[in-house]
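Please walk through the structure below with the text that follows it.

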Amino acid sequence: MKNNKFKAISLGLITGLVNGLFGSGGGTIAVPFMQRFLKVEEHDSHANAIAVILPLSIMSTFIYSSHLKVDWNSLLYVSLGGIIGGIFGAKLLNKLSAKWLHKIFGFFMIAASIRMIIG
Amino acid sequence: MTLFIIGLLSGLISGMGIGGGTILIPSLTIFLDISQQNAQNINLLYFIPTAVAALVIHIKNKRIKKELISFLIIGGFFGAIVGSYIAISLKSLILRRLFAFFLLFMGISEIRK
């Protein structure tokens with residue numbers, strides 16, 4: 001357990017750093033980390049990653065919000081869309097092939113990243 | 001309307017179990033000219049209520065390993081403070097480029113899954 005404690009603290013540090021720097025991506029880092037280095041089973045690692053990232057995101061948004069003007073109006077509309085989209089997404093999950101979903105989504109991410117580097 | 005559609009798509013994607021922020025943040029900066037820091041903060045705030053709802057269910061199902069996550073959170077707080085202060089002190093354009101490389105790396109790993 002002593003070794004695991006050290007590993008968990010280090011992995012938490014990296015997760016928090018990335019999530020704070022980019023305002024996202026904590027889950028993308030924490031889920032595989034927990035599976036590979038802490039031997040947490042896949043479903044449990046998704047659940048526990050949320051439990052870790054939630055307090056870290058609250059901490060980060062406090063720091064961001066004390067230095068920025070929070071765009072509440074945008075947040076409201078984005079959240080309304082997000083709630084409806086989230087419900088449909090969960091339903092669609094059972095109907096679409098996960099493999100293709102990851103590929104299509106990966107292409108969108110690469111296209112957006114190129115646009116952000118050039119633009 | 002654009003905001004609503006961006007939210008809808010991000011929600012759709014996160015409902016499917018893929019990180020919604022990776023769509024939400026670039027969309028806000030590309031289509032709406034919102035600064036990188038503000039887009040990231042919108043994503044952080046947008047994540048909180050969804051995460052609370054999910055967490056309640058996971059706690060009921062007894063999936064949460066309290067001892068393990070306490071160490072992750074301790075380390076995580078230090079990381080979150082450092083990461084957030086770096087983010088707010090960088091120029092929006094520099095942070096946007098850094099984010100883009102992070103996104104590129106994640107996009108490639110999605111395709112290889």
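## Loops, helices and the contact between chains

Asp33(B) is exposed, with 7 other C-beta atoms within 10 Å; a residue is classed as exposed when that count is 12 or fewer. The model is a predicted one. Asp33(B) is placed in the loop between helix H2 (21-32) and helix H3 (36-60) of chain B. Its backbone deserves a look as well: Asp33(B) is not a glycine, yet its phi is positive, at about 60 degrees. Most residues other than glycine have a negative phi.

Lys39(A) is a residue other than glycine with a positive phi, near 55 degrees. Lys39(A) sits in the loop between H2 and H3 of chain A. Is Lys39(A) buried or exposed? With 9 other C-beta atoms within 10 Å, Lys39(A) is exposed.

Further along chain B, Lys62(B) belongs to the loop between H3 and helix H4 (66-89). Lys62(B) counts as exposed, because it has 8 C-beta neighbours inside 10 Å. Lys62(B) and Ile94(B) are 32 residues apart along the chain, and their C-alpha atoms are separated by 42 Å.

Leu95(B) is part of helix H5 of chain B, residues 92-111. It has 23 other C-beta atoms within 10 Å and is therefore buried, the threshold being 20 or more. Leaving out residues up to four places away in sequence, Leu95(B) touches Gln36(B), Gln37(B), Ala87(B) and Leu90(B). Ile73(B) lies 22 residues from Leu95(B) in sequence, and the C-alpha to C-alpha distance between Leu95(B) and Ile73(B) is 25 Å.

Now take chain A as a whole. Chain A has 5 helices and 0 strands, and from the N terminus on its elements run α-α-α-α-α. How does the radius of gyration of chain A stand against the globule rule for 119 residues? The radius of gyration is 17 Å, well over the 14 Å from the rule, so chain A is more spread out than a compact globule. The C-alpha trace of chain A spans about 45 × 40 × 30 Å along its principal axes. Of the 119 residues in chain A, 43% count as buried. Contacts can also be sorted by separation in sequence: among those in chain A between residues at least 6 apart, 43% join residues at least 24 apart.

Within chain A, consider how H2(A) and H3(A) pack. Two packed helices are described by the angle between their axes and the distance between the axes. The axes of H2(A) and H3(A) come within 9 Å and cross at roughly 135 degrees. H2(A) and H3(A) are therefore oblique to each other, since an angle counts as roughly antiparallel over 145 degrees and as roughly perpendicular from 65 to 115. The crossing of H2(A) past H3(A) is right-handed. On the H2(A) side, the residues that meet H3(A) are Gly26(A), Gly27(A), Ala30(A), Val31(A), Met34(A) and Gln35(A). Their partners in H3(A) include Glu42(A), Ser45(A), Ala49(A), Val52(A) and Leu56(A). By class, this contact of H2(A) with H3(A) has 7 nonpolar, 6 polar and 1 charged residues.

H3(A) also takes part in the contact between the chains. That contact takes 76 residues from chain A and 79 residues from chain B. Helices H1 (2-22), H2 (26-37), H3 (42-67), H4 (72-92) and H5 (98-118) of chain A each give two or more residues to the side that touches chain B. Which element gives the largest share of that side? H3(A) does, with 19 residues. The residues on the side of chain A that touches chain B divide into 44 nonpolar, 27 polar and 5 charged.

Across the contact, H3(A) packs against H3(B). The axes of H3(A) and H3(B) come within 8 Å and cross at roughly 145 degrees, and their crossing is left-handed. Among the residues that make this contact are Ala47(A), Ile50(A), Leu54(A), Ile58(A) and Tyr64(A) of H3(A), and Leu44(B), Phe47(B), Ile48(B), Val52(B) and His58(B) of H3(B). The contact of H3(A) with H3(B) divides into 15 nonpolar, 8 polar and no charged residues.

How values were computed. Residues are numbered from 1 along each chain as its sequence is written. Chains are lettered from A and ligands numbered from 1 in the order in which they are written. This is a predicted model: local features need pLDDT of at least 70, side-chain atom pairs count only at pLDDT 80 or more; totals for chains, interfaces and linings use all residues. Two residues are in contact if their C-beta atoms, placed from the backbone, lie within 7 Å. Helices (H or I, at least four residues) and strands (E, at least two) are DSSP runs, numbered from the N terminus. Ala, Val, Leu, Ile, Met, Phe, Trp, Tyr, Cys and Pro count as nonpolar, Asp, Glu, Lys and Arg as charged, and the others, Gly among them, as polar. Axes are lines fitted to C-alpha atoms, for helices over the stretch in contact, and angles run from 0 to 180 degrees between N-to-C directions. Angles under 35 degrees count as roughly parallel, over 145 as roughly antiparallel, 65 to 115 as roughly perpendicular and the rest as oblique. A crossing is left-handed if the near helix is turned anticlockwise from the far one by less than a right angle, and right-handed if clockwise. The radius of gyration is taken over C-alpha atoms; the globule rule is 2.2 Å times the number of residues to the power 0.38.
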